[in-house]
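Visitor: I would like to go through the ligand and metal sites of this model. Please show me the structure.

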Amino acid sequence: AKDEGRNRSILFDPSMRSALEQRLELLRDVRAAIEADEFILYYQPVIDLESGSVAGFEALMRWAHPEQGVLTPDRFMAAFEDQDLSLKLGDVAFETALKQMRAWLDAGVEFGRVAVNISAAQFRSGRLAEEVQERLARWGVPCDRLTIEVTETVYMGWASDVVSDTVRKLHAAGVMIALDDFGTGYASLANLRQFPIDRLKIDKGFVQNAEDAAIVKAVITLGGSMGMKVVAEGVEDQDQLEALAAYGCDQVQGYHFSRPMPPERVPGFVDGFVG
Ligand code: C2E
Ligand code: CA
Ligand code: CA
Ligand code: CA
């Protein structure tokens with residue numbers, strides 16, 4: 001009876017049917033856009049508070065849509081939830097970031113490290129560590145120029161042992177591991193110790209809510225005592241920055257310094273940045 005009810009709603013609920021159609025249409029458009037090389041990366045600076053210099057950049061995917069302009073991931077999130085497309089977009093992100101790093105290395109641009117976001121789908125093959133190392137070697141980019149950002153949900157979700165094995169190998173090779181969106185999922189302190197995590201990224205939701213100051217402060221203390229650097233994302237104003245600095249936060253990222261920018265703007269940003 002339960003199944004019958006579900007089938008009926010799929011077949012007869014017009015709003016649901018159109019949501020399904022919209023999703024399929026988006027997935028079709030994304031597939032075509034990948035073929036047409038319309039997915040690009042923007043780069044947002046990460047600032048080191050102690051040295052006041054640019055520590056690196058987070059690579060964030062954008063869709064350079066021929067009619068609608070540059071779209072942010074909220075417009076194509078469904079693609080990241082599709083196993084096949086998520087893998088393809090992951091490939092695009094890695095290749096684009098590595099090609100860009102190669103160009104910056106050749107041009108002497110001091111970009112620090114580039115952080116690439118990884119989705120759950122990319123861990124499925126069980127060969128991600130090898131694939132990443134092969135790509136780095138192919139582009140001649142040293143391992144210590146790369147950070148991978150993995151969300152708490154991915155760490156704690158599907159096949160946690162595959163994820164932990166993969167990040168362990170990458171960490172051993174010199175790739176930095178960042179735990180993204182910390183505090184939004186259900187990672188416990190005990191879980192944290194199972195993974196070689198170099199960076200804890202505090203979600204912007206906490207950073208931007210003054211009522212969460214005690215949480216932010218506690219995370220910074222915790223990270224420090226576990227030997228991790230703590231990065232606060234979503235820093236939009238001077239007050240937030242000063243509070244974070246007072247708590248001993250290591251690195252910050254947010255509109256206060258810069259929005260994500262196209263790669264052409266990175267060399268000028270690095271040269272002109274006075275922390
Ligand atoms: P995220 O990894 O948590 O990235 C941080 C998001 O916060 C980015 O949104 C960034 O533009 C935004 N942000 C940075 N500073 C500020 C600020 O001061 N204020 C506000 N309001 N927002 C700020 P974006 O670029 O729209 O990306 C959204 C999400 O899409 C990312 O969240 C990440 O989960 C996902 N994503 C982006 N690129 C990739 C990718 O190449 N692969 C995968 N798997 N996911 C990606
Ligand atoms: Ca991220
Ligand atoms: Ca984040
Ligand atoms: Ca986030």
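Visitor: How many residues surround ligand 1?
Guide: This is a predicted model: local features need pLDDT of at least 70, side-chain atom pairs count only at pLDDT 80 or more, and totals for chains, interfaces and linings use all residues. Residues are numbered from 1 along each chain as written, chains are lettered from A and ligands numbered from 1 in written order, and side-chain values use heavy atoms, without hydrogens and water. A residue counts if one of its heavy atoms lies within 4 Å of the ligand. The closest are Met61, Arg62, Lys204, Glu236 and Tyr255, and the number surrounding ligand 1 is 23.

Visitor: Which strand gives the largest share of the shell around ligand 1?
Guide: Strands are DSSP runs of E, at least two residues, and helices runs of H or I, at least four, numbered from the N terminus. Strand 2 (53-65), strand 4 (113-118) and strand 6 (176-182) each supply at least two shell residues. The largest share is four residues, from strand 2.

Visitor: How far is a nitrogen atom of ligand 1 from an N or O atom in the side chain of glutamate 236?
Guide: A polar contact with the ligand is a pair of N or O atoms within 3.5 Å. Glutamine 44 has a side-chain N or O atom 3.0 Å from a ligand nitrogen. A polar side-chain atom of glutamate 58 is 3.2 Å from a ligand oxygen. For glutamate 236, the distance to a ligand nitrogen is 2.5 Å.

Visitor: Which residue coordinates both the calcium ion (ligand 2) and the calcium ion (ligand 3)?
Guide: Donors are N, O and S atoms within 2.8 Å of the metal (3.2 Å for Na, K and Ca); water is not among the atoms, so sites may look incomplete. The calcium ion (ligand 2) is coordinated at 2.1 to 2.4 Å by Glu58 (OE), Asn117 (OD1), Glu149 (OE) and Asp180 (OD). The two ions are 4.0 Å apart, and the residue coordinating both is aspartate 180.

Visitor: How many residues apart in sequence are the parts tied together by glutamate 149 and aspartate 180?
Guide: Glutamate 149 belongs to strand 5 (residues 146-151). Aspartate 180 belongs to strand 6, so the pair ties together parts whose separation in residues is 31.

Visitor: Which residue coordinates both the calcium ion (ligand 4) and the calcium ion (ligand 3)?
Guide: Asp181 (OD) and Asp203 (OD) coordinate the calcium ion (ligand 4) at 2.7 to 3.0 Å. This ion and the calcium ion (ligand 3) are 3.4 Å apart, and both are coordinated by aspartate 181.

How values were computed:
A polar contact is a pair of N or O atoms within 3.5 Å; within protein, one must be able to donate a hydrogen and the other to accept it, and residues adjacent in sequence count only if both atoms are side-chain atoms.
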